[in-house]
Amino acid sequence: MNIFDFFRDRKKSNTASVAKERLQIIVAHERGQRSTPDYLPALQKELVEVIRKYVNIGNDDVQVALENQGSCSILELNITLPDR
Amino acid sequence: MAKILVVTSGKGGVGKTTTSAAIGTGLALRGHKTVIVDFDVGLRNLDLIMGCERRVVYDFVNVVNGEATLSQALIKDKRLENLYVLAASQTRDKDALTQEGVGKVLNELKENFEYVICDSPAGIEKGASLAMYFADEAIVVTNPEVSSVRDSDRMLGLLASKSLRSVNGSDPIKEHLLLTRYNPERVSKGEMLGVDDVTDILAIKLLGVIPESQAVLKASNQGVPVILDDQSDAGQAYSDAVDRLLGKEVSHRFLEEKKKGFFERLFGGN
Ligand SMILES: Nc1ncnc2c1ncn2[C@@H]1O[C@H](COP(=O)(O)OP(=O)(O)OP(=O)(O)O)[C@@H](O)[C@H]1O
Ligand SMILES: [Mg+2]
């Protein structure tokens with residue numbers, strides 16, 4: 001390190017704070033995914049099959065989401081029916 | 001009551017084996033009968049770090065398969081009365097350990113020891129899962145670096161959902177963060193995540209901060225757990241961590257960079 005580096009050092013961009021920001025975002029995202037129970041995909045698939053007995057829908061027309069609010073969980077079903 | 005303590009991380013090479021050896025030795029130094037178990041099937045290394053590699057006759061898998069008894073397989077430390085090692089198998093068979101087999105051996109160890117330290121392999125696959133499944137407490141070893149922190153967070157998720165304690169609904173595994181290979185100088189320059197950054201993200205209790213230290217390589221060269229080098233920064237930092245594990249309040253050391261003279265700062269000394 002020479003005398004010029006010594007002064008330049010003080011101003012160098014702070015890569016640790018960039019790291020922290022990126023980590024906070026990715027970790028929050030991954031925690032959100034983690035809290036969904038393993039049975040959701042199977043539940044979604046079976047719901048599609050049941051509904052299809054009566055109405056013709058595609059695989060993606062049933063959306064299942066579980067939301068935790070305090071002590072209770074809300075299972076949200078969003079079913080898109082075809083145009084009549 | 002005997003305690004099972006897993007040393008885990010997700011990411012490889014962050015210092016799990018170094019930590020298992022140091023913490024296990026520290027517990028034995030304080031009078032607790034301790035065994036350190038190497039779960040890294042196929043990549044046995046704890047024996048080298050503990051300096052007992054030439055005395056391995058039987059290993060963990062031999063005991064699980066009934067080819068040896070525990071007392072035949074346990075290696076007694078040459079330095080400490082209360083310290084034992086159970087070596088990992090060098091087999092290439094990844095399925096050599098089963099949950100049932102591991103459970104049986106750990107239960108037997110619990111009858112004879114106060115602390116059972118499980119040195120986990122890297123990853124989040126079967127080997128790491130087995131090492132943490134029966135744990136009462138977990139030391140999550142993390143380096144101040146993005147991929148290590150992210151993997152630690154994933155491991156925390158597994159500890160909370162895929163362990164015996166979570167399956168049978170008892171109290172969750174007690175989690176401790178051990179930040180290792182910490183370089184205060186780089187932290188103060190803004191080049192490395194600091195303790196507060198990492199604890200902010202992972203949000204678990206800090207057990208200790210182990211500085212990046214030349215003493216660790218020196219200790220591993222000689223097969224002496226670094227905690228026995230009580231003149232070294234890393235040795236002292238591990239010693240503090242053991243005290244905290246046992247419930248003592250000890251303030252954190254080695255978080256600040258060593259003060260350098262003016263000329264040293266100008267003309268190198270890095
Ligand atoms: N505090 C430290 N200072 C300097 N070097 C360290 C420190 N801690 C660990 N190391 C070095 O890092 C390397 C990896 O350490 P170690 O074997 O303990 O990691 P590990 O997590 O067990 O690895 P693996 O995932 O392969 O099992 C070793 O070379 C060790 O000497
Ligand atoms: Mg290891």
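This is a predicted model: local features need pLDDT of at least 70, side-chain atom pairs count only at pLDDT 80 or more; totals for chains, interfaces and linings use all residues.

Student: Which other atoms make polar contacts with ligand 1, at K16(B) and at P211(B)?

Tutor: At K16(B), a polar side-chain atom lies 2.8 Å from an oxygen atom of the ligand. At P211(B), a backbone N or O atom is 3.0 Å from a nitrogen atom of ligand 1. As for cover, ligand 1 taken alone exposes 640 Å², and the protein buries 76% of that.

Student: Which residues come nearest to ligand 1, and which element gives the most to its shell?

Tutor: There are 15 residues around the ligand, and G13(B), K16(B), T17(B), T18(B) and S213(B) come nearest. Helix α1(B) gives the most, with three residues. Both α1 (16-29) and β8 (205-211) of chain B supply at least two residues each.

Student: What else does S213(B) do at the start of helix α11?

Tutor: A side-chain oxygen of S213(B) reaches to within 3.0 Å of the backbone nitrogen of A215(B), at the start of helix α11 (residues 214-222) of chain B. After α11(B) comes G223(B), with a positive phi near 70 degrees.

Student: Now the aromatic rings. Why is the pair of F39(B) and F60(B) called edge-to-face?

Tutor: The structure holds three aromatic pairs over all chains. For F39(B) and F60(B), the ring centres are 5.1 Å apart and the planes are at 85 degrees. Rings pair when their centres lie within 6.5 Å, and plane angles over 60 degrees count as edge-to-face, so this pair is edge-to-face. It links distant parts of the chain: F39(B) is in the loop between β2 (34-38) and α2 (46-50) of chain B, and F60(B), 21 residues apart from it, is in helix α3 (residues 60-64) of chain B.

Student: How do you know whether F39(B) and F60(B) are buried or exposed?

Tutor: Buried means under 20% relative accessible area. F39(B) has 2%, so it is buried. F60(B) has 1%, so it is buried too.

Student: What makes Y84(B) and F113(B) an edge-to-face pair?

Tutor: Their ring centres are 5.5 Å apart and their planes are at 75 degrees. With an angle over 60 degrees as the cut-off, the pair is therefore edge-to-face. Here too, distant parts of the chain are linked: Y84(B) is in strand β4 (residues 83-86) of chain B, and F113(B) is in the loop between α5 (99-112) and β5 (115-119) of chain B, 29 residues apart. Both Y84(B) and F113(B) are buried. F113(B) also has K33(B) over its face, at 4.9 Å from the ring centre.

Student: How do you know that S163(B) is buried?

Tutor: Its relative accessibility is 0%, and the cut-off for buried is under 20%, so S163(B) counts as buried. S163(B) is in the loop between α7 (146-161) and α8 (164-167) of chain B. Its side chain reaches the backbone oxygen of L159(B) at 3.2 Å. Leaving aside neighbours within four places in sequence, S163(B) is in contact with M132(B), Y133(B), L158(B) and I173(B).

Student: Why is R181(B) called partly exposed, but A203(B) exposed?

Tutor: Exposed means over 50%, and partly exposed lies between that and the 20% limit for buried. R181(B) has a relative accessible area of 42%, so it is partly exposed. A203(B) has 59%, so it is exposed.

Student: What is noted about phi in R181(B) and in A203(B)?

Tutor: Most residues other than glycine have a negative phi. Phi of R181(B), in strand β7 (residues 174-182) of chain B, is positive, near 55 degrees. A203(B), in the loop between α10 (195-202) and β8 of chain B, also has a positive phi, of about 55 degrees.

Notes:
Residues are numbered from 1 along each chain as its sequence is written. Chains are lettered from A and ligands numbered from 1 in the order in which they are written. Side-chain values use heavy atoms; hydrogens and water are left out. Rings of Phe, Tyr and Trp (its six-membered ring) pair if their centres lie within 6.5 Å; planes under 30 degrees apart count as stacked, over 60 as edge-to-face and the rest as tilted. Helices (H or I, at least four residues) and strands (E, at least two) are DSSP runs, numbered from the N terminus. Buried means under 20% relative accessible area, exposed over 50%, partly exposed in between (1.4 Å probe, protein chains only). A charge sits over a ring if NZ of Lys or CZ of Arg is within 6 Å of the ring centre and within 35 degrees of the ring normal. A polar contact is a pair of N or O atoms within 3.5 Å; within protein, one must be able to donate a hydrogen and the other to accept it, and residues adjacent in sequence count only if both atoms are side-chain atoms. Contact means heavy atoms within 4.5 Å. A residue is near a molecule or strand if one of its heavy atoms lies within 4 Å of it. Accessible areas come from the Shrake-Rupley method with a 1.4 Å probe; for residues, only the protein chains shown count as cover.
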